[in-house]
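Here's a quick briefing on a protein model. Have a look at the structure first, then we'll go through its pockets, its cavities and a few residues.

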Amino acid sequence: MSLSITLIGGPTALIEIDGFRLLTDPTFDAPGAYQLPHVKLEKLTGPALSAQDIGEVDAVLLSHDQHSDNLDHSGKAFLSKAKRVLTTAAGAKRLGGHAEGFAPWAATELKGTDGNSLTIAATPARHGPAGIEPLSGDVIGFVVSSNRPGSRPIYISGDTVWFDGVAEVAKRFKAGVVLPFAGAAQTRGPFHLTMDTNDTIEAARAFPDAVIVPVHTDGWAHFRQNASDLRSSFDTLGFGSRLKILEPGVATVIEPLRQG
């Protein structure tokens, strides 16, 4: 399996795997404020690469469509550049066009011209503590599996905290690379809406031989933790070698660890 990941900023990353190009939650706007119905969000930094730099992709993996830190104005415009847009069932109805909706554990296939294919499965996500669903709406993550012999799945958490749904992903898929959305986002109250360092450590333990590649750790005022916090925590606990911090805008080859 050939794999490189380019962090664009926030939750947005270009994943290039076996000839396919996938983009997570598109956010390409310049810094600025977003007034949502119940909260105001402030974007602090712009993207490392523009939508024009990215060009066409085979699929956008959109964890949800209602929050500006996961799909902003420029991100919505970008969706037309994707051959496919995979998101929640409710999100697909709102977005229309060629967006496709998926419930957790539903799957689809991307086929290449050279016999390569990817299976993309939607996974459970909970955007905060139990009971948050009426406020946060539906969210999903994704598992991307290549048909190449010897390859291992990639797990993209989407906006979620650690909960039994994520633990179930670990039971079903022996992922070699995990992308946790790990900035400890906090907006409405004294609780996190995405993984904090403790949640990310739980995920690392659940996927015991996966490379951990955090995204959604920078660029917004409501993120309470960042990649440096993760680095300190992982190093202190003795498994810092498994944590791969991406430099924004730089395509980074990811080598999955050997299975233990």
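How do the residues of the lining of the largest pocket divide into nonpolar, polar and charged? They come out as four nonpolar, four polar and one charged. Before the rest, some housekeeping: this is a predicted model, where local features need pLDDT of at least 70, side-chain atom pairs count only at pLDDT 80 or more, and totals for chains, interfaces and linings use all residues. Residues are numbered from 1 along each chain as its sequence is written, and side-chain values use heavy atoms, with hydrogens and water left out.

**Overall build**

- The protein chain has seven helices and 15 strands (DSSP runs numbered from the N terminus, with helices being H or I of at least four residues and strands E of at least two).
- A compact globule of 260 residues would have a radius of gyration near 18 Å, and the 17 Å of the protein chain agrees with that (taken over C-alpha atoms; the rule is 2.2 Å times the number of residues to the power 0.38).
- Along the principal axes, the C-alpha atoms fill a box of roughly 50 × 45 × 35 Å.
- Buried residues account for 56% of the 260 in the protein chain (buried is under 20% relative accessible area, exposed over 50%, partly exposed in between, with a 1.4 Å probe and protein chains only).
- Of the contacts with a separation of 6 or more, 62% join residues 24 or more positions apart (contact means heavy atoms within 4.5 Å).

**Pocket and cavities**

- On a 1 Å grid over the protein atoms alone, a cavity is a set of points where a 1.4 Å probe fits but cannot get out, while a pocket is an open set with protein on both sides within 12 Å along at least five of seven lines; lining residues have an atom within 4 Å of a point.
- Grid points are joined across faces, edges and corners, and a volume is the space filled by probe spheres set on the points.
- The largest pocket has a volume of about 160 Å³, and its lining includes His 38, Gln 66, His 67 and Arg 188.
- There are two cavities of 30 Å³ or more.
- The largest cavity holds about 130 Å³; 14 residues line it, with His 67, His 127, Thr 187, Arg 188 and Leu 193 nearest its centre.
- The second largest cavity comes to about 50 Å³, and among the residues lining it are Lys 43, Thr 45, Pro 47 and Trp 220.

**Residues with positive phi**

- Most residues other than glycine have a negative phi.
- Trp 105 has a positive phi of about 80 degrees; it sits in the loop between strand S8 (99-102) and strand S9 (107-111).
- Trp 105 counts as partly exposed because its relative accessibility is 29%.
- His 216 also has a positive phi, near 60 degrees, and its place is the loop between strand S14 (211-212) and helix H7 (227-237).
- With 0% relative accessibility, His 216 counts as buried.

**Asp 196**

- Asp 196 lies in the loop between strand S13 (177-179) and helix H6 (197-206).
- Its relative accessibility is 13%, so Asp 196 counts as buried.
- Leaving aside neighbours within four places in sequence, Asp 196 is in contact with Ala 184 and Gln 225.
- His 73 is 123 residues from Asp 196 along the chain, and their C-alpha atoms are separated by 27 Å.

Notes
Nonpolar A, V, L, I, M, F, W, Y, C, P; charged D, E, K, R; others polar.
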